[in-house]
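I opened my notebook to keep a record of a structure that I wanted to read slowly.

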Amino acid sequence: MKHSKAEILREYGPFPDVKQVGGVTYDGRHVWFASGDKLNAFDPDAGEVVRSIDVAAHAGTAFDGRYLFQIAEDRIQKIDPKTGTVLSTIPAPANGGDSGLAWAEGTLWVGDYRGRKIHQIDPETGALLRSIESNRFVTGVTWVDGELWHATWESDESDIRRIEPETGRVLERIDMPAGIGVSGLESDGTDRLFCGGGNSGKIRAIRRPGVSQS
């Protein structure tokens, strides 16, 4: 297993009126993050919030190329980012204990925080397709270049792991600095991983190992 310490490229926030950062996703231009009663989008170059949608946003956030998906308590909402309208909802697999959220291969991947699992579900029905075991509390989840990454946060320690999707075996681990937790996780598709900072109200960009600087 490869093991390294996180290289923090940039910190964003704290943002106005944001006390908690949950899920994080990226639409190719803006980083979206959940802050309890809103979904917010910020420009990762300027670092400023450019838009907010008034919608319940408690945990993981994902983007499928057209729509946003947002965990709100025990359900997952499908949201039109242009209008802010909630188009549909499906049950979340951990019944309110859900954490991270990612879109890949036409399905949703959902972190089960205290269950120490990642669930793959049908985005239309919420039907459980399969589950992957972890040995730590799971927070953010993301896919990039065919790689499945997830964050952990337990006992005031946080790391980010690349795992084998078939078995859950840890292939690589990035340790966050002491006192810095990761609530949400998303890739920009190149060398950056965006990490939600929980009750710090911040988001941090760290370098994804093995990727040359963009």
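The entries below record what I looked up, in the order of my reading.

**Entry 1: ground rules.** I noted that this is a predicted model, in which local features need pLDDT of at least 70 and side-chain atom pairs count only at pLDDT 80 or more, while totals for chains, interfaces and linings use all residues. I also wrote down that residues are numbered from 1 along each chain as its sequence is written, and that side-chain values use heavy atoms, with hydrogens and water left out.

**Entry 2: salt bridges.** I looked up the salt bridges (a side-chain nitrogen of Lys or Arg within 4 Å of a carboxyl oxygen of Asp or Glu), and the structure holds 15 of them. I reminded myself that side chains of opposite charge can pair when their charged atoms come close.

I began with Arg 207 and Glu 7, whose side chains form a salt bridge at 3.0 Å, N to O. This pair links distant parts of the chain, 200 residues apart, with Arg 207 in strand 21 (residues 203–207) and Glu 7 in the loop between strand 1 (2–5) and strand 2 (8–12).

I then checked accessibility, where buried means under 20% relative accessible area, exposed over 50%, and partly exposed in between, with a 1.4 Å probe and protein chains only. Arg 207 is buried at 18%, whereas Glu 7 is partly exposed at 40%.

**Entry 3: another pair on strand 21.** Glu 11 and Arg 204 meet through their side chains in a salt bridge of 2.9 Å, N to O. Because Glu 11 lies in strand 2 and Arg 204 in strand 21, the pair ties together parts that are 193 residues apart in sequence. I found Glu 11 partly exposed at 39% relative accessibility, and Arg 204 buried at 7%.

Entry 4: I turned to an open sheet of four strands, which has the order 11-12-13-14 with antiparallel pairing. Strand 11 (98–104) and strand 14 (128–133) stand at the edges with a single partner strand each, so one side of each is left without a neighbour in the sheet.

Two strands count as paired if DSSP finds at least two bridges between them, and I read that strand 11 and strand 12 (residues 107–112) pair in the antiparallel sense over five bridges. I ended with Trp 103, which stands opposite Leu 108 in strand 12.

Key
Helix = DSSP H or I, 4+ residues; strand = E, 2+ residues; numbered from the N terminus.
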